[in-house]
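Thank you for asking for a colleague's reading of this model. My notes follow as numbered points, to be read with the structure open.

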Amino acid sequence: MNWFYIRFSAFSDSISRFFRQPITSLLHILGMGIALSIPMGCYMLLDGADQFSRKLNNSTQLNVFLTTEASDETVKTAQTQLEELFDGDIKFIDREQGLSELSKNPEFSELVANLDTNPIPHLFVLTPNQNDPQRLLSIAQIIENWTFVEEVRFDADWAGKLESFVKLSKILVMLVVLLIGLGFVASIFTTIQLQITIRKDEIEVARLVGATGRFIRRPFLYYGFIQGLLGGLCAVFIIFLGMKYGLKSIQPMLEPLGIFIRKPSLLTLAAPLILSVSLSLLGAWLSSNNHLRKIDS
Amino acid sequence: MIETEQISKRYPGGHQALKNVSLSIQEGEMVFLTGHSGAGKSTLMKLIGGIERATSGSIAINGTKISNLTRSALPYLRRNFGFVFQDNKLLLDRSVFHNVALPLLISGFSKTEITTRVRAALDKVGLLEKEGLSPVTLSGGEQQRLCIARAIVNKPAILLADEPTGNLDPGYAADIVAMFRAFNRVGVTVVIATHDPAMIQGLGARIISLKQGELQE
């Protein structure tokens, strides 16, 4: 009971001090919330792009273009050799079919009509049964060396590049989170220093009448905890608002690209809260400990 | 109860506040530490109370050497003392009640016990009716009595008072000295640092004089 009373007194005192300067506290919380919600929002956007790039990688295809002078005999040879080499779906698009598909496009129809000869080569589209980019790359290298093959195009190239870009961006976002985290600790450190300065006399008297370091540190840790909790809740609220209203306007633009931002999971929403509380407690602990060490030396 | 052996204190910057001071104060004794300003009275009080550490020598309280105590053990030693200061060191943003309650809250007393003890201490110093007021509204004498209430609320074995009447007029000062005398009669060891000869007269207490950091025979 005494244990609870001592902590409750310190906690209620910290709360009352927090709300004694409502505007300063509110601005501080808002600053913390915005600082945390930006990288979290970016991370969610990148997560959507990551899903997209993975999907692209899963639907990797090889496009094998034969030389323009390739005869029907050559096509048959190519078909046989590909069936021996490749495990998956092999689709043949002959040059006439290719040209007629091109002429359906209004942009090229006039151009196609004016052509004397058909410049479109025969094409084999290879879709693997199992997605193994390394295996596919080695097959592409073998096919490229065949004399009747003009070019092999590996569609996953740009998808792989996109995936690398997303990965890199995620690392950058993590670095931003790390920097913001350091800023967080520094900000709480300063806030607690200010609180310590305000309560200097109280600390001095408490020490004289036998307060332990833990007793002196406690209200400052509670103060940091309250600030971190409210800052984290503010970040969650901003993310929630962004998902509810901001996403409505962004999603139609992202959909044609195949990017779908998922609704945040409970863990995603809890992350800024946990981060904010932990970093605030760390800042408060460092600050109060620093002061205690100074006055005890 | 209090034993100091060849204690010296030199502050950073070279000021020698105390030089080889050895003294012994028995349990239940009332002692006056006298000397001019800068004689080392306050420093000696701080060293006895474990607020500062001696540069050399040793201090023992009830046989426990302060220099042997770790930093985390010092607060528990300080709970054996009641401190009274010339400048009161009251918390002006807390009520009279909560100023006195602080040592009990630190020591982990229950809310009921805190209320009982605080009221008893305030009653002893004649401030019971003012428990809800802010210390700012009290007179100088009342503030000093409030400081005494805070010092005795924990029922300490030793009361250390540093110039407790320094800012008071003679009437209030006599009241405060009478209070210390009363605490001493019930067994509390009282050590009072003062440079005021009028305070000491007629009390029959032991006087220890300091001059430029050294004990005067």
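How many Å separate the centres of domain 1 of chain A and domain 2 of chain A, taken over C-alpha atoms?

1. The distance between those two domain centres of chain A, taken over C-alpha atoms, is 55 Å. Domain 1 of chain A is made of residues 9-56 + 160-296, whereas domain 2 of chain A covers 61-154; the bounds come from an automatic or database domain assignment.

2. A word on conventions: this is a predicted model, in which local features need pLDDT of at least 70 and side-chain atom pairs count only at pLDDT 80 or more, while totals for chains, interfaces and linings use all residues. Residues are numbered from 1 along each chain as its sequence is written, and chains are lettered from A and ligands numbered from 1 in the order in which they are written.

3. The contact between the chains draws on 18 residues from chain A and 19 residues from chain B, two residues being in contact if their C-beta atoms, placed from the backbone, lie within 7 Å. On the chain A side, the elements that give two or more residues are helix H1 (2-20), helix H8 (200-208) and helix H9 (213-254), and H8(A) gives the most, with 6 residues. Helices (H or I, at least four residues) and strands (E, at least two) are DSSP runs, numbered from the N terminus.

4. In chain B, helix H4 (residues 111-124) has 14 residues and reaches 20 Å from its first C-alpha to its last, close to the 20 Å expected at 1.5 Å a residue, where the expected span is 1.5 Å times one less than the number of residues. Its buried residues are B:Ile114, B:Val118, B:Ala121 and B:Leu122; a residue is buried if 20 or more other C-beta atoms lie within 10 Å of its own, with C-beta atoms placed from the backbone. Seen down the axis of H4(B), these residues fall within an arc of 95 degrees, so they line one face of the helix; the arc is that of the directions from the helix axis to the C-beta atoms. Their cover includes helix H3 (96-107) and helix H5 (140-152) of chain B. Just after H4(B), B:Gly126 takes a positive phi of about 75 degrees.

5. Strand S9 (residues 206-211) of chain B pairs with strand S3 (residues 30-34) of chain B in the parallel sense over 4 bridges, pairing requiring at least two DSSP bridges, and B:Phe32 stands opposite B:Ile207. S9(B) is also joined by 3 bridges to the antiparallel strand S10 (residues 214-216) of chain B, where B:Ser209 stands opposite B:Gln216.

Technical notes
Buried ≥ 20, exposed ≤ 12 C-beta atoms within 10 Å, placed from the backbone.
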